[in-house]
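Colleague: Could you walk me through this model? I would like to go from the sheet to the side chains.

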Amino acid sequence: MDIDKKVWEILFSEEDILNRIDELGGQISGDYKDKNLYIISLLRGSFVFTADLVRKLDIPVKIDFIVTSSYGYETETTGTVEITGHIEEDLTGYHVLIVDDIVDSGLTMKKVIEYLKAKNPSDIKSCVLLDKPERRQLKLVPDYVGFTIPNKFVVGYGLNYGDHYRNIPYVFAVTDEDR
Ligand code: PRP
């Protein structure tokens, strides 16, 4: 599908997103005020969200990245989540917050939670910009959610289509309608 030839339905404008991130940042700053917060961001999709979110935190925070991949060029998960970039250190004493752009099937988040549990953190929570609960393949409720969305293929603000469009500053759904 050539998405440049389809009508884009804007779901969340740049302003909508930044306003919501402002709220999430305030909430997370309050919740982790007296804790050793360690944000683990899942590349590549979450790089834009993470960059905006961490600048809304007014508490000390460590930040690192894991690379996960399961979609490739497809719009459906392959069902196999690969972790290719790793966290080397032990996480004892840290309160880990996993940050990702979207939870869809939930397979990526589940795999990363299992991976991080082995590093012995005090606890693990999750924060996603977009939650698409209709597509869940397992029981998983993210702790912090920017927006809950319907079952539409979404692109922009870090989310890709064919490895492009991650730089679009808003989130849009690709419709069936030709331009
Ligand atoms: C996307 C997205 C999430 C994951 C969510 O990553 O960034 O990490 O899929 O889907 P799930 O809940 O069905 O597992 P992808 O594997 O496409 O890699 P990317 O971050 O490089 O885009």
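Modeller: Happy to! This is a predicted model, where local features need pLDDT of at least 70 and side-chain atom pairs count only at pLDDT 80 or more, while totals for chains, interfaces and linings use all residues. Residues are numbered from 1 along each chain as its sequence is written, and side-chain values use heavy atoms, with hydrogens and water left out.

Colleague: Which strands stand at the edges of the open sheet of six strands?

Modeller: Strands here are DSSP runs of E with at least two residues, helices runs of H or I with at least four, numbered from the N terminus. Two strands pair if DSSP finds at least two bridges between them. The pairing is mixed and the order is β4-β3-β2-β5-β6-β7. An edge strand has a single partner, so one side is left without a neighbour in the sheet, and this holds for β4 and β7.

Colleague: Which residue in β3 is the bridge partner of Y38?

Modeller: β2 and β3 (residues 61-69) run parallel and are joined by seven bridges. For Y38, the bridge partner in β3 is K62.

Colleague: Are the rings of Y38 and Y94 stacked or edge-to-face?

Modeller: Rings of Phe, Tyr and Trp (its six-membered ring) pair if their centres lie within 6.5 Å; planes under 30 degrees apart count as stacked, over 60 as edge-to-face and the rest as tilted. Take F12 and F147 for reference: centres 3.9 Å apart and planes at 20°, so that pair is stacked. For Y38 and Y94 the centres are 5.1 Å apart and the planes at 80°, so the pair is edge-to-face.

Colleague: What is the relative accessible area of Y38?

Modeller: Buried means under 20% relative accessible area, exposed over 50% and partly exposed in between (1.4 Å probe, protein chains only). Y38 counts as buried because its relative accessible area is 1%.

Colleague: Which side chain makes a polar contact of 2.8 Å with that of D104?

Modeller: D104 is in the loop between β5 (95-103) and α3 (107-117), and is buried at 11%. A polar contact is a pair of N or O atoms within 3.5 Å; within protein, one must be able to donate a hydrogen and the other to accept it, and residues adjacent in sequence count only if both atoms are side-chain atoms. The D104 side chain makes one with the side chain of K132 at 3.3 Å. The 2.8 Å contact joins D104 to the side chain of R135.
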